[in-house]
Each structure stands twice: as C-alpha cells, then as structure tokens.
Amino acid sequence: MEIILAIVVGVLYTAGVYLMLRRSILKFIIGLIFMSNATNLLVFLSAGLVPGSPAFVKSEGTGAGVMADPLPQALVLTAIVIGLGIVVFTLALKYKFFELTGTDDLDQLKKTDD
Amino acid sequence: MISILALPILVPFILIISLLIIKSDKLARWIGPMGSGLLVLLSGYLFMLVREHGVIALQMGGWEAPFGITLVVDYLSALMLVVSAIIIFSIAVYALRFLPETIKLNRFFVFFFGLTMGLNGAFVTGDVFNLFVWFEVMLMSSFVLITLGQTKHQLEGGIKYLALNIVGSMFFLAGVGLLYGKTGTLNMAHLAEILKNDDQAILMNTSAVLFFVAFGIKAAVFPLYFWLPASYHTPNITITSLFAGLLTKVGVYTFIRFFTLFFVQDQQFWHQLLLIVAGFTMVTGGMAAAAHYETRRILSYHIISQIGYMIMGLGIFTPLAIAGAIFFTMHNMLAKTNTFLVSGMINKARGTFELRDVGGLAKQSPLMAVLFIIPAFALAGIPPISGFFAKFILIKAGIENGNYIITAVAVLTGMLTLYSMIKIWNEAFMKPQPDNEYAGKPFQKLRFAEYFSSLFLGAISILMGIFAYYVFGFTMEAGTQLIDPTLYIETVLKGLK
C-alpha cells in the first residue's frame, strides 16, 4: 500500500512541476493544486500506514504498533485547509489580473523584472 | 504570569477582531499606532523577563512538551520581537500619512496586524508544524497587502511573489512530514534532544535540505531570491517598507533557529554550503543594486546583499559569529526600513522614485538629507552608527575562525554597499535638479507627522551604535545560548524528566 501511495506522490509532483512550467496562469494554478495534494499525501504517509484499524485506543489499551498515528492526519487536515485558502486566493488574483490585462500568458509578465 | 508569552500573538488577534467589528477609518487611525505601541511595551517586558530567567517556556493548554505546542522565548526570540515591534510601530504611524486614498486604513490594518500575528507567532513558537502555520498566516496577509492597490504592476508582482513563496511553503511542509516520519516528534527542543546522541543522525540531511530550500526562498538567498526584486517595488511604499524590514528576516531567524538547535549533525557540509550561499548572495545582490537607478529597486537588491551577512554569521558558527549575525539582523531591520521610508518621502516631495529625475534635495530639505544619511551610513558601516559594529563583529569572527575568503568577500561587498548609498546621495541630494517635467513642480513640504517614523528609527539606529557595548552583550548572550542549547532544551522538556 505504501509503495503505491509513494508512486502516486511522485506522479503528482511530476505532473505539478510540468503544469507549473507551462505558460498559462491557469495551468500554473492546477499544478499548484497537484503539488499541494502531493505534499499532503507525503505528510500523511510519514507515520507509516496501518490498514484496518482506526486511530482509537481500545479500553483495554492498544500497542503503538497496531494503531495508526493520528498526528500526521491532524497535520494534513490543517494543511488541506491552508492549501484551499491559498488556491482560492490565487484564483481570485488570476481573475483580477485577467480582467485588467486580458492575458493568461506568463510570458507577458515581464514588466516588473529587469 | 508566564502566560504573558501568548500575548504577542493574542494582542494582534484581538486588534484584528476589533478592527473587523468597528469598521471605521477614523478609529483605525488610533487603533493602528496605539496597538503597535502596546506591542512595543509588551515585547520590552518580555525581554526583561528573558534577561531575568534566560529562557521562558509556556506549555499551551497544559499539555506537557513534547505532546502539546510549546511557546518558547529565549534571547534570540526576545531581541527579534523587540526590534520587529519597533518597526511595526513606526510603519503604523507612517501608514497614516503615506497610504493613498484608495486603500482604506481599516482594511490595511486588518492585514497589517495579520502579518504581525504571523511574525510574532513564528518568533515565539517552539514547534515545527506550528511554525509552518504562522508562516502561512504571515504569507496570506502579505499576499493581500502586496496586491492591495490592484494596479497592473501590483497584480503582476503579486503573482510572482505568490508563486515562489507557495512553492517554498510546500518544501517546508514536505520537510515537516519527513522530519516527523524519521523522529516521531515536532517539538524543537525534543528534536534536539533526540538527535543529540544519535549515530544515524546523518540521515537528517534529506529533511534538512528541504528546510534549507524553504527558508532560502523566504530569506531570499542566492539562487532563490528572484521573487524579491520582481515584486518589492510594486506596492505602496508603506507596504514595501514593512516587507523589507520584516519578511526576509523571519527566514533568517528560522535558519538560525533550525541550524543551531537540531540540524547540527553534518556541520562540515552545511556550514560550507551556508558560507558559499552567503558569499554569492552578498555579491550578486550588491552588483545588481549598483546597476539600478530607481531607489526602490536599488534598496530591494540591497536587502538581498545584506541577507548574505546574516547567513555568513551562521556559517562561521562560533558564538561570536552568531552574535554578529543577530546584531547585524537587528541593525539591518531598522536601517533598511528607514531607507525605504526616506525614499517614500522623496517620492512624496517630488513625485518620483527615479534617481535620474530628481536632484538638489539637500538644499530644499536639509532634514530629509540628514534622515537619509543616518540609515545610509548605518548600512555602509560607518562608525558610530549601528552598522559598523555589526560588520566589525562578523569580520572579527571570520578572521578568528580562519574563514578568510568569506571575510574578504564581506569587506569588498561593504564597498558595493557604500557605492550604492553614495549613488543615491549624489543623485537625489547633491546634484542640481535636472531640467525635466519634475523641475517646474514645487517642492512639496512635509509635515512633522511624516518625518516622525524616520526620525524614530534613525534615533534608535544611532542609540544602538552608541550603546553597542550593551546591545552586543545581549546578542552575545543569544549566541552563547544558541551554540549550547542545553538551557533551552531543559526549560522546554521540564515535564519529561
């Protein structure tokens, strides 16, 4: 199970980086979503997976090895919410920028460099 | 009593709530500066507490470390809190006069205090994931602030700023995940305790490199700084000054915190890397600054150049060098913000930031010239203002430790700094006004309220130079505490023993 998820994380990162390097701002944002989900999965995986048993302690007590570690799940929950906020802000920013300039092309964004 | 540690986070939070409820611009004029004044007093009091106890820790919600979130304040955090509170206060006053009509003060102060909350949270937290959350609080506020005017340039700068900083956040989060996977804890003191006597600690390098990239983007070090000069000159000067003084320095703070407390396994490799990065950061930033003629761009590249000095102190890694890095950070936050404030004044008086278009300001406004010369001399390192001592400590530490190359680079970069400061001085203040569209415009007289922030920061810069003996004493304490973190670890993990 872990190996499959590890591959999924890798694929998501690859797709995210590819989309981020495209010229369209919208594709950049989709790449952002991919990468943030890949990172969330990575954090989720960090404690190791324990299939089939929830993160609850039975009344007679459960050993640490047989139950899932709840902390990374809590971390991921926080990270998902933060990621959502960032994506929404980025979309709003893109919309405003498109309204003003009428372009979705990252190559047009050269006015503040040099 | 000890729960006062939560106040640097709670006070801005309460201010945000009250600004959201009150919604009046007239009242915001008072809430902003007074709230920031309160933060200055509060951080001053915290500093007194730290002087008394060394390190103070608060276990949030009564959960003993490492299970709960711990707030810790040691000398480094306390000094950073004090300096940033001073900057926040002066910017809050400055904003009253320099924000354009289109930006509502009430709205500005909501995000201003949002940034303050994230900043203070990052300084006091003792937990890696909590640090990530405070970073995000700070980032979200800064995203809104940088695009607040909604002009084409601001949105474009905002997109660039946002893109790289979000990628940095992802590196940070991935690092947190790997760190937890390897050690099973996110409490900084507990991490230090676990990794201290672990023969497999070398495996931490994979996590450390993720944090290195994340903090490198935040602190704008050599190959990762390109978002900064592309975005910092776009927003209103108030917001640029705020960012210039505070944002990159949080990155430096986390660098110092992480690479002294628990990423200390492969010292040879990391210190070498930090020194190389520091050298390139100094030189590239300084050279780029020399090529520009727009004050905000010159000063933006300057921020980068000076970050190199702070990283250099960390790379040398002796108590004296760390003390030098902290001294330099404190001095730089004050002086850098001040130069931006003065460039805002030039813009207000003459209507442009272009150095080629202005001139003769020294005759028109001697006070403004004096106000510029203080932070400029401070940055260039001329005694008796703060910058001289900061550079002196760093260079002394470099020579004592045998890091001759980086020391030579630091000295030469000092020349570059001096060059760009002289360039602004000559162009804006000394040369006669060139014959162009700005020549006919009358010089806009500034009021005392507009000079106040710069006067305040300049006075502190000078005092920091005159009383350098005492300030150095505090930073030396901080350096000693960081090199030998036993007290930090014991204070946080009291309950575990």
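What percentage of the 114 residues in chain A is buried? Buried residues account for 24% of chain A. A residue counts as buried if 20 or more other C-beta atoms, placed from the backbone, lie within 10 Å of its own; 12 or fewer make it exposed, and values in between partly exposed. The model is predicted: local features need pLDDT of at least 70, side-chain atom pairs count only at pLDDT 80 or more, and totals for chains, interfaces and linings use all residues. Residues are numbered from 1 along each chain as its sequence is written, chains are lettered from A and ligands numbered from 1 in the order in which they are written.

Chain A holds three helices and zero strands. Its pattern along the sequence is α-α-α. The radius of gyration of chain A is 19 Å, well over the 13 Å of the globule rule for 114 residues, so chain A is more spread out than a compact globule. The radius is taken over C-alpha atoms, and the rule is 2.2 Å times the number of residues to the power 0.38. The C-alpha trace of chain A spans about 65 × 25 × 25 Å along its principal axes. Helices (H or I, at least four residues) and strands (E, at least two) are DSSP runs, numbered from the N terminus.

Of the chain A contacts between residues at least 6 apart in sequence, 61% join residues at least 24 apart. Contact requires C-beta atoms, placed from the backbone, within 7 Å.

An unreviewed UniProt entry places "transmembrane region" at residues 6-21, 28-51 and 71-93 of chain A. Such annotations may be inferred rather than shown by experiment. Residues 6-21 of chain A are 94% helix and 0% strand, with end C-alpha atoms 23 Å apart. Residues 28-51 of chain A are 75% helix and 0% strand, and their end C-alpha atoms lie 35 Å apart.

Chain B comprises domain 1 (1-265) and domain 2 (266-466), with bounds from an automatic or database domain assignment. The domain centres, taken over C-alpha atoms, are separated by 23 Å. The contact takes 38 residues from domain 1 of chain B and 41 from domain 2 of chain B. On the domain 1 side, α3 (75-98), α8 (205-219), α9 (227-231) and α10 (237-261) of chain B each supply at least two residues.

Within chain B, Leu19(B) sits in helix α1 (residues 7-22). Leu19(B) counts as buried because it has 24 C-beta neighbours inside 10 Å. Beyond four places in sequence, Leu19(B) touches Ala28(B), Ile31(B), Asn106(B), Phe109(B) and Val110(B).

How values were computed. Two residues are in contact if their C-beta atoms, placed from the backbone, lie within 7 Å.
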